[in-house]
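Hello,

Here is the structure I promised to pass on. Please have a look at it first; my notes follow below.

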Amino acid sequence: MTDASLPADPAADTAPESPDYDAMTRDIADVPAVEVITTVAVHLLSAAAVNLGLDKPDSEHKDLDEARKLITALAGLVTASATEISSFHAAPLRDGLKSLQLAFREASIVPDEPGQGPGEKFTGPVFG
């Protein structure tokens, strides 16, 4: 069999061009700090909610140990950045954090002492 008789490589003709990452992303230097902070906070809020099983009834993703870590990280971020991002942005994040802390307390079989729950070293004790 000669090279001319071999079938052409169909993948070679249909290979996609390399994506233009410069066109797809913003330069990180152009993103305001408040946007970065709130985006990270929302990701932490969402991940903690899923790990608390709040995404749907009988969630198979419930993991209180992971939720504790995420809530604590969120509490540290929100507490440290509150004065930098203004009350307009910090207030809803604090509300979401408190809701997660209360949901964690409710989901725990053995509740933490006041002030010992996830993130409470940053926020102080959380009561319903």
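**After helix H3**

Helix H3 is followed by Gly53, whose phi is positive, near 80°. Helices here are DSSP runs of H or I with at least four residues, strands are runs of E with at least two, and both are numbered from the N terminus.

Before going on, a word on the source. This is a predicted model, in which local features need pLDDT of at least 70 and side-chain atom pairs count only at pLDDT 80 or more, while totals for chains, interfaces and linings use all residues. Residues are numbered from 1 along each chain as its sequence is written, and side-chain values use heavy atoms, with hydrogens and water left out.

**The whole protein**

The protein has 5 helices and 0 strands. From the N terminus on, its elements run α-α-α-α-α. Of its 128 residues, 29% count as buried. Buried means under 20% relative accessible area, exposed means over 50%, and partly exposed lies in between (1.4 Å probe, protein chains only).

The protein exposes about 8,800 Å², and carbon and sulfur atoms supply 58% of that area. Such areas come from the Shrake-Rupley method with a 1.4 Å probe; for residues, only the protein chains shown count as cover.

Now contacts, meaning heavy atoms within 4.5 Å. Take those between residues at least 6 apart in sequence: 56% of them join residues at least 24 apart.

**Helix H3 itself**

H3 covers residues 33-51. At 1.5 Å a residue, its 19 residues should span 27 Å, and its end C-alpha atoms are 27 Å apart, which agrees. The expected span is 1.5 Å times one less than the number of residues.

Which residues of H3 are buried? They are Ile37, Thr38, Ala41, Leu44, Leu45, Ala48 and Asn51. Seen down the axis of H3, its buried residues fall within an arc of 150°, so they line one face of the helix. The arc is taken from the directions from the helix axis to the C-beta atoms. What covers these buried residues includes helix H4 (64-107).

Most residues other than glycine have a negative phi. Two residues to look at are next.

Asp58 is not a glycine, yet its phi is positive, near 55°. Asp58 sits in the loop between H3 and H4. At 78% relative accessibility, Asp58 counts as exposed.

Ser86 is not a glycine either, and has a positive phi of about 75°. Ser86 lies in helix H4. At 33% relative accessibility, Ser86 counts as partly exposed.

Best wishes
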